[in-house]
Amino acid sequence: MREFIQGLPKVELHLHIEGTLEPELMFELARRNQVKIPFNSPEDVRSAYQFSNLQSFLDIYYQGANVLVREQDFFDLTWHYLLQCHQENVRHCEIFFDPQTHTERGIAFSCVVNGITQALEKARQELNISSHLIMCFLRHLDEQSALETLEQAIPYQDQIIGVGLDSSEQGNPPEKFARVFAKAEQLGFKKVAHAGEEGPAQNIRTAIEMLHVDRVDHGVRCIEDSALVEQLRQSQMPLTVCPLSNIKLKVFSDMREHNIVKLLEMGLCVTINSDDPAYFGGYMNNNFNAVADAFSLTYQQLAKFSLNAIDASFISEKEKQALRQEVIDYLHSFAH
Ligand code: ADE
Ligand code: ZN
């Protein structure tokens, strides 16, 4: 099964680039930029990664991002992730970044976007990995800050395909950003939002009805609302599920308690993603392996997660068709 997963062509749709900061790179950048971090070694950092919920993670995650200062840092961070994608046969990725985490520290929006997009371009040419970039608003900040961030993105619309919504879901429901998303829609951005990770199923409904999202990030708490589950099935609204993240942040107590396979079997468009792999114990293959181990999945089911992600991605129909063919050819080559 591990061999099948390794070679399976994969698409990642829920990945925070700041969440790929491995402790070793954190140390290197801290030294390079003379930023103080409250750790003595990379092992020390890893042992601090014991989370009790989303907020306990976010506190450490935003602190880690302080070492990212120059354009080169954002390039190095992104390139690191893309090399991992190459090793794991991730063929296309749509990555999130959190501009406010950086602009609030006085880092220019252009520095962040240019560093990331140069790495994405290099990967397109040298690794044959395609990609899109999605800018997330931090929902614990106010509407005004999100509106200002949206304004900053306008000159970069060629590089940024969509907007998202992340950070603390509890107390910051989607409707807080209805006007921001309406403006983003007018400007032609795609829209996604974290909903139903820690927050209630109602947040999924609101993200769909008021923010008009094209995908729901996480969405696993839809299970608490059977009419919503049926709506998600009929509309094939994609859910970008992050199995290892959900275990680390105690959304589910154990992988065998996770509902991803149940949702797949009910016919929802669920996908597997890594969220913040440096913090949660692994990239795409580890997430696939963890689900496969807990549920003894078939090759067909594993391939279906890839096919769902292709359908749910923001690439052209022609590009989707080419990637679907790669998955189908791979499945056949393995079956014989
Ligand atoms: N930012 C990074 N990872 C996140 C997650 N899993 N939920 C909300 N905000 C995030
Ligand atoms: Zn996320």
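I count a salt bridge when a side-chain nitrogen of Lys or Arg is within 4 Å of a carboxyl oxygen of Asp or Glu. On that basis the structure holds 19 salt bridges.

Two conventions before the details. This is a predicted model, in which local features need pLDDT of at least 70, side-chain atom pairs count only at pLDDT 80 or more, and totals for chains, interfaces and linings use all residues. Residues are numbered from 1 along each chain as its sequence is written, chains are lettered from A and ligands numbered from 1 in the order in which they are written, and side-chain values use heavy atoms, with hydrogens and water left out.

Start with Arg215, which forms a salt bridge with Glu94, the closest N and O atoms being 2.8 Å apart. The pair links distant parts of the chain: Arg215 is in strand 6 (residues 215-218) and Glu94 in strand 2 (residues 90-97), 121 residues apart. Strands here are DSSP runs of E, at least two residues, and helices are runs of H or I, at least four, both numbered from the N terminus. Are these two side chains buried or exposed? Arg215 is buried, at 0% relative accessible area, and Glu94 is buried at 0% as well. Buried means under 20%, exposed over 50%, and partly exposed in between, with a 1.4 Å probe and protein chains only.

Next, Glu22 and Arg46 meet in a salt bridge at 3.3 Å, N to O. Glu22 lies in the loop between strand 1 (10-16) and helix 2 (23-33), Arg46 in helix 3 (residues 42-47), 24 residues apart. Glu22 is buried at 16%, while Arg46 is partly exposed at 36%.

Glu317 and Arg324 pair at 3.0 Å. Here Glu317 is exposed at 51% and Arg324 buried at 17%. Elsewhere, salt bridges that share partners join Glu28, Arg32, Asp73 and Asp76 into one network.

Now the ligand. Residues around ligand 1, meaning those with a heavy atom within 4 Å of it, include His16, Tyr61, Asp166, His194 and Glu197. Helix 4 (residues 54-64) gives the largest share of this shell, four residues.

Which distances separate side-chain N or O atoms from a nitrogen atom of ligand 1? For His218 the value is 3.4 Å, and for Asp275 it is 2.7 Å. A polar side-chain atom of Asp276 lies 2.6 Å from a ligand nitrogen. Taken alone, ligand 1 exposes 260 Å², and the protein buries 100% of that (Shrake-Rupley method, 1.4 Å probe).

Definitions and conventions:
Polar contact = N/O pair within 3.5 Å; in protein donor to acceptor, adjacent residues only side chain to side chain.
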